[in-house]
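Here's a quick tour for anyone meeting this structure for the first time. Have a look at the sequence and the model, then read on.

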Amino acid sequence: MARKSKSNLSELYLEENKDQIYENALAEIQSFHLPLGTTLRSVYDDQPNAHQRFMEKLDACIRNHDREIEKMCNFHHQGFVDAITELLKVRADAEKLKVQVTDTNRRLQDAGKEVIAQTEEIIRCRVQQRNITTVVEKLQLCLPVLEMYSKLKEQMNVKRVSQYRFCQIMIENLPKLREEIKEISMSDLKDFLESIRKHSDRIGETAMKQAQQQKTFSTTLQKQNNLNYGRNMHLGRSRILESKNEITLKRTFEDDDEHEEEVLTAQDLVDFSPVYRCLHIYSVLGDGEIFENYYRKQRRKQARLVLQPQSSMHETVEGYRRYFSQIVGFFVVEDHILHVTQGLVTRTYTDELWNMALSKIIAVLRTHSSYCSDPDLVLELKNLIVVFADTLQGYGFPVNRLFDLLFEIRDQYNETLLKKWSGLFRDIFEADNYSPIPIANEEEYKIVISKFPFQDPELDKQSFPKKLPMSQSVPQIYIQVKEFIYASLKFSESLHRSSTEIDDMLRKSTNLLLTRTLSSCLQNLIKKPHIGLTELVQIIINTTHLEQACKYLEDFISNITNISQVSVHTARLYGLSTFKDARHAAEGEIYTKLNQKIDEFIQIADYDWTMSESDGRASGYLMDLINFLRSTFQVFTHLPGKVAQTACMSACQHLSTSLMQMLLDSELKQISMGAIQQFNLDVIQCELFASSEPVPGFQGDTLQLAFIDLRQLLDLFMVWDWSTYLADYGQATSKYLRVNPGTALTLLEKVHRGMKDSSKKNNIFAQFRKNDRDKQKLIETVVKQLRSLVNGMSQHT
């Protein structure tokens, strides 16, 4: 009894010890600090059923935690509901605040316009004030001279000066001094004109750079305004965009501040004081008109020199840039003279000079741009013309004719692009292996799909590896067409045209690429001698997929220009007709090559037309031909539509015609009945081939009808059923309806000659010779009747 009690106490102690172990294990699991592997191993390394007890403890612990979580949620639930209610109230207040902020911002903008106007007026007044102060300071420096001059005038009026000798000397020397001053000032003017000619390109380059920076700044500002316009619709997102735009705009201002010291005006680059001084001197001396005529004449000469391009200007973009810089520099100087002098240069004069220059510039650009064969150079030329036009437009010169010229250059740019892409297409076609694209895994499939919009639910169900129906050239051609659209779009930028006009230009240039360049490359590819039947089949499949991808190209252009395809002004791509024409050409080439291959087999046919009996089996050349056709038509099963059926029917008809021509060949003078039997065995093989349905889709014995003429003709000779033929001739139910009397006559005469030749060589029995003579008499009778039918047909026609 004591032993049993002691045992119970031990078991109770062990149970309590295990419970303590499980509690420790649970504490370690919840702490996330100790490795779980060690803790779990200590549980599962115990007795066999220890893990079951541990799971019960774990479930109990989980239930305790769930109850605590539920209590906590219940405790905080009302606070959560109150917080949501407060947020809903705040949202209503936020909407009201947003309306107030928007209204305040609008009123602030309106008020700011007046502030800006007043600020500009203050700036203008301060500039005037500074100029007046400067003039006052300079006049104060001149006051002593003016006082002396006043005293001199006073003495001269009372005639007190003329009595002095120095006065007479001055009267004699002053005219000379005036001429010397005029000559010196004119010399300075000539130096100025020479200097301005040398500095024109630098002045123009500076002005064009300044105009380009101003345009970049305006574009950035416009983008910011466009993004801020949708702020009310996307408030949260717009705050991020607004901060980004502020940073961008700030950087733009900082960049402008950095470059502000570098940007120099014409007055900074050239000292105009010789012009002012010479103009003042000639005006004081009464020769202002002479000076004006001289200045304008010299500048016209310089204009002609500036407008004369170098012969190699079209070779590099630097040649064009220097040409434009010199012209801009010339007119920037004239514009400066126009605004700082009175009468020396007038608006009428500058307009006349610009119109003359513009005509010359357009003629030069039209000529030199025609020499450019590099599309990148033409694109850079376009960008230079745009900057050139924008710069001079900023100085008040009309430039509409330059943008009209850009449309002419755009056509030439497209031509250079078409030539470049023609070479790219040729390279793609040359490198293609004209086999379906093998796809090993999902990654390769995604790469191809990312390049070309291919969809085939049936193919998607297949497991990897698998093959796409088109060859490698299809996605490459599609990518290059998109690259062409991008290249064409580059020229359309900055042309001051609407999105609709740009969309129309892109579609027209893309149509040219498809209907002229790509179509020509496809047609040339199809006609190449090394392109066989397998390649032609793949080309037909490729053009089918490219045709289906045209709608994605239209979507691509619409996404670029933001012009909907349903717009009445939107042109359509003509890629459908391009690929259909190429497919029809490939189909025709397939028919031609099949017939050529059949002719090659026919040419190696070697019949013994005098054989007494057939070999009992079809000719070797014909069996090889049928095997070739059978393997070829297996490839044709992938062709779309009824191309395979048409090709099969065309091949059978050509084979039938070739065999018929072989029998009726004028150089073949005689044929034995053994040869007819051998020929019949070959035609039987042709009929068996036609009945084996080499291409699915034919109804009944449609394909066998290709050999019906041969079959009825051979049956007529094999059965020797001339009485039936002659009796039923001309009736719709005739057994030999497809046998033409002329054809039968030609072949019968050859058989007749063969029989005569055989009779001469055969001297075995007289009875056989008598049978031959009877047969020959029958043939002669049939020949006469056939000739009568042939003559009747000719008279009827």
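## Where helix 17 meets helix 18

Start with a spot where two helices touch. Leu 546, Glu 547 and Gln 548 of helix 17 are in contact with Cys 550, Lys 551 and Tyr 552 of helix 18. Sorted by type, the residues of this contact come out as 3 nonpolar, 1 polar and 2 charged. Helix 17 covers residues 533-548 and helix 18 covers residues 550-561. The two pack at an angle of about 35°, and their axes are 4 Å apart.

## The whole chain

Now zoom out. This is a predicted model, and its protein chain holds 26 helices and 2 strands. The chain has 797 residues, and 38% of them count as buried.

What about contacts along the chain? Take those with a separation of 6 or more: 80% of them are between residues 24 or more positions apart.

## A buried threonine

Thr 416 sits in helix 12, which spans residues 400-431. Is Thr 416 buried or exposed? Its relative accessibility is 5%, and the cut-off for buried is under 20%, so Thr 416 counts as buried.

Back in its own neighbourhood, a polar atom of the Thr 416 side chain lies 2.6 Å from the backbone oxygen of Tyr 413.

## Rings that pair up

Next, the aromatic rings. The count comes to 28 aromatic pairs. One of them is Phe 452 with Tyr 478, an edge-to-face pair with 5.4 Å centre to centre and 85° between the planes. The pair links distant parts of the chain, 26 residues apart: Phe 452 is in the loop between helix 13 (442-451) and helix 14 (457-461), while Tyr 478 belongs to helix 15 (residues 473-492). Phe 452 is buried, at a relative accessible area of 2%, and Tyr 478 is buried too, at 7%.

Phe 601 and Phe 628 make another pair, this one tilted, with 5.8 Å centre to centre and 35° between the planes. Here Phe 601 comes from helix 19 (residues 575-603) and Phe 628 from helix 20 (residues 620-635), 27 residues apart. Both Phe 601 and Phe 628 are buried. Further along there's a cluster too: ring pairs link Phe 717, Trp 720, Trp 722, Tyr 725, Tyr 729 and Tyr 736.

Finally, a few backbone details to look up in the model. Phe 464 and Pro 465 are joined by a cis peptide bond, with omega about -5°. Pro 465 lies in the loop between helix 14 and strand 2 (466-468).

Which residues other than glycine have a positive phi? Tyr 434 is one of them, with phi near 55°, and Glu 693 is another, also near 55°. Tyr 434 is found in the loop between helix 12 and strand 1 (437-439), whereas Glu 693 is in the loop between helix 22 (673-691) and helix 23 (708-719).

How values were computed
Residues are numbered from 1 along each chain as its sequence is written. This is a predicted model: local features need pLDDT of at least 70, side-chain atom pairs count only at pLDDT 80 or more; totals for chains, interfaces and linings use all residues. Side-chain values use heavy atoms; hydrogens and water are left out. Axes are lines fitted to C-alpha atoms, for helices over the stretch in contact, and angles run from 0 to 180 degrees between N-to-C directions. Contact means heavy atoms within 4.5 Å. Ala, Val, Leu, Ile, Met, Phe, Trp, Tyr, Cys and Pro count as nonpolar, Asp, Glu, Lys and Arg as charged, and the others, Gly among them, as polar. Buried means under 20% relative accessible area, exposed over 50%, partly exposed in between (1.4 Å probe, protein chains only). A polar contact is a pair of N or O atoms within 3.5 Å; within protein, one must be able to donate a hydrogen and the other to accept it, and residues adjacent in sequence count only if both atoms are side-chain atoms. Rings of Phe, Tyr and Trp (its six-membered ring) pair if their centres lie within 6.5 Å; planes under 30 degrees apart count as stacked, over 60 as edge-to-face and the rest as tilted.
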